[in-house]
Amino acid sequence: MILSLRDISKSFGEKQVLKGISLSARGGRALGLLGRNGAGKTTAIRLIMDIFPPDSGKVLLDGMPPAQSGVTIGYLPEERGLYLKKQVLEQLVYFAGLKGMPRRAAREAAMALLERVGLSEYAGSKLETLSKGNQNKVQLVATLVGDPQILILDEPFSGLDPVNAALLKELVRECVSRGKIVFFSSHQMNYIEEFCDEIAILNGGKIVLSGGIREIKHHYDRSRLVIEGADQERLASFAREQDGLVKDLQRKGSGALLKLAAPERKNELISALLAQGVEFEGVRVFEPSLSDIFVEYTEGGI
Amino acid sequence: MKQFWTVLRFEFGGYLKSKAFVGITVAAVLIIGVLLFYPRLAEIFSAGKEQREQERGEIALRNGSGIPDEALLAALGAGLTDKDIVPVKDDQKALRTAVERDDYDGALVLESPLQYVYIVQTVSINDATTGIVDETLLQMHRQSALVERGVPPGEAQEIINAPVQGRVDRIGKNQMENFFYTYVLIILLYMAIMLYGQYVAIGVASEKGSRTMELLITSARPISLMFGKIIGAGLAGLSQMAALIGSGFIFFNLNRPYWQGNEIISSLFDMPLSIMLYCLLFFIAGYFIYAFLYGALGSLASRSEDVNTLVTPLTMVFMVVFFIVIFGMYSGKVDSGLMLFCSFFPLSSPMAMFVRVAMGEVLVWEVVLSVVLLIATTVGLGILSARIYRVGVLLYGKPPRLSEVFKMLRQA
């Protein structure tokens, strides 16, 4: 199952929100959709869900419009909201019913999911009587009930304590391993790094970077090395001596980050370190964190 | 279509499960029950109080008219059947203090055959004494005047009491008879359309306010959501009206003998079936046209608090229509030019045409034309409302102006 957006543009009034974006998500691989506030993430999500049509371009699921394939989407909106005055189970059955599930099956599925998140005792309570964290869990159940083939999770971890976050991770992992398409939108980069195999960074209505996280990191500037366990003073004098080879040196955590004049001169550096008798515990190529990459690609403004 | 039924079932079920809805319906049925059982209950209670009923009022009579006491006492006694008349010689001032002291319930001071003073502490709303005394004195005056002019007393009696036989040959409708039931039905129509229309608006806005809409709009088509909600509320309104009217009929028929004397109440429950069916037709058509507009306006509000400002213009239109119709009914001119216009204009025709059908002279083609216009407009407004709803539900912030809404519709 492949969901792809092809050259999609969308304007609201004078404002062009999306300027020709293309991306594709495959079943069994989670896609992290990143972008600063106002970058067009919600618009992209709503286009995928066919709430409004794009001005130009196409959304295709396995080559045809998603509406025709009868696929169901589970959506966890960033702005959480359910019927506060209605019973938990009642509204879960309703939302599953809207996605086409028969009542009895919806009831069973909702109860099973409530059991899973430890809320089965609240099935008959009004939602407003539940704690905020439990309301969040009910919202998650509302997303998953009806067994949708596509999951769109917008800031799923906000408002969850570590135990509930672990539970959510488990549930999402399960969905990914069952071959569902999972879109993940978050500002918490550590979660994206943990879950997503692929990312797409939206900035200014365009996709500025997309692909597998590992590949992106791998293709990053390979000329920066991290040297662990070396004396900072000693390294500093070493860098001064080798100014043809070392362009920059800064402290990084317990080690040091240095930039080589060229990425292929790693062995040369190691030989120089050994020759100069600089003691160190390890040398590795510096891979930026997702957070570093995100900042780099979106810093220039939306 | 399946989604529509799911929404309809959820919305309608929501009303039936709501404590407020059930409570109000039950309370209204109870009130109707108490009202319609009242004569029967009153009789049961008064059976134990027969002794008190025998306690008759006492009225003092000072006869200064020159009419013989016996004749006057007999004539007044025949009229004031629930009072004992006590002839006295005290003057007006003394009688005044006596009435004030509660020695008598009242006092009559006759100064001449056609002049009297009725002394009483408070005139109760059903005190018919003065009317009876007026009538008695007038009759005695006519009798004596005729006799004085040489008419034999028996003939004089006949002249005065000559019976009149009249008969109404009615070609059109009797507005007196149908006024009351039309009035009751119009008020029901007005309340039901307004109440349930506003429920739709508030329902939509609160789904937006609580952000439930985010999930709804992504799970279901806007058209299913809007129609399910509107028809769900409409069904709730219909079942509430059916409960009220049905229980009214049942309670009335249980107590029919007790209401024999009350023409107003009897006319209400003896209304023709056709009028009931017309009421149903105009409720359904009128409800939809307003509910669509209320739904569209509700979708423009960001929170349920904003709803009032948005729906006020529509509510005002509806109120103006209501008053035009009510004034038309009171003036009896239900077929006037204004009413004629209102009975074809879709926003007012549900009420105006209903009143004309019930109380005026309407040709069949007029009703058909009015209903066709109404349905066509309802369909048109339904499509427009669904489009506004589609755009409106995702719109947050300050409610947009109407011109902005149309601009968005053109772009969407």
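What follows is a short chat about a predicted model, with the reasons behind some of its labels.

Author: Quick ground rules: this is a predicted model in which local features need pLDDT of at least 70 and side-chain atom pairs count only at pLDDT 80 or more, while totals for chains, interfaces and linings use all residues. Residues are numbered from 1 along each chain as its sequence is written, chains are lettered from A and ligands numbered from 1 in the order in which they are written, and side-chain values use heavy atoms, with hydrogens and water left out.

Reader: What makes Lys17(B) and Glu90(A) a salt bridge?

Author: The closest N and O atoms of Lys17(B) and Glu90(A) are 3.2 Å apart. A salt bridge is a side-chain nitrogen of Lys or Arg within 4 Å of a carboxyl oxygen of Asp or Glu, so the pair Lys17(B) and Glu90(A) qualifies. Between chain B and chain A the count is 3 salt bridges.

Reader: Which elements give two or more residues to the side of chain B that touches chain A?

Author: Those are helix H1 (2-17) and helix H9 (212-219) of chain B. H1(B) gives the most, with 9 residues.

Reader: How many residues of chain B are in contact with chain A?

Author: Taking contact as heavy atoms within 4.5 Å, 24 residues of chain B meet 26 residues of chain A. The two chains bury about 2300 Å² between them, 60% of it on carbon and sulfur atoms; that is the accessible area (1.4 Å probe) lost on putting the two parts together, summed over both.

Reader: Over to chain A: why do S10 and S12 of chain A count as paired strands?

Author: Strands pair if DSSP finds at least two bridges between them. Strand S10 (residues 224-228) and strand S12 (residues 255-260) of chain A are joined by 4 bridges, so they pass, and they run antiparallel. Ile227(A), for one, stands opposite Ala256(A) in S12(A). Strands here are DSSP runs of E, at least two residues, and helices are runs of H or I, at least four, numbered from the N terminus.

Reader: What makes S11 and S13 of chain A the edge strands?

Author: The open sheet of 4 strands has the order S11-S12-S10-S13 (chain A), with antiparallel pairing. Strand S11 (246-252) and strand S13 (282-285) each pair on one side only.

Reader: Where does helix H9 of chain A lie?

Author: Helix H9 (residues 232-241) of chain A lies across S10, S11 and S12, at about 165 degrees to S11(A). Angles run from 0 to 180 degrees between N-to-C directions, with axes fitted to C-alpha atoms, for helices over the stretch in contact.
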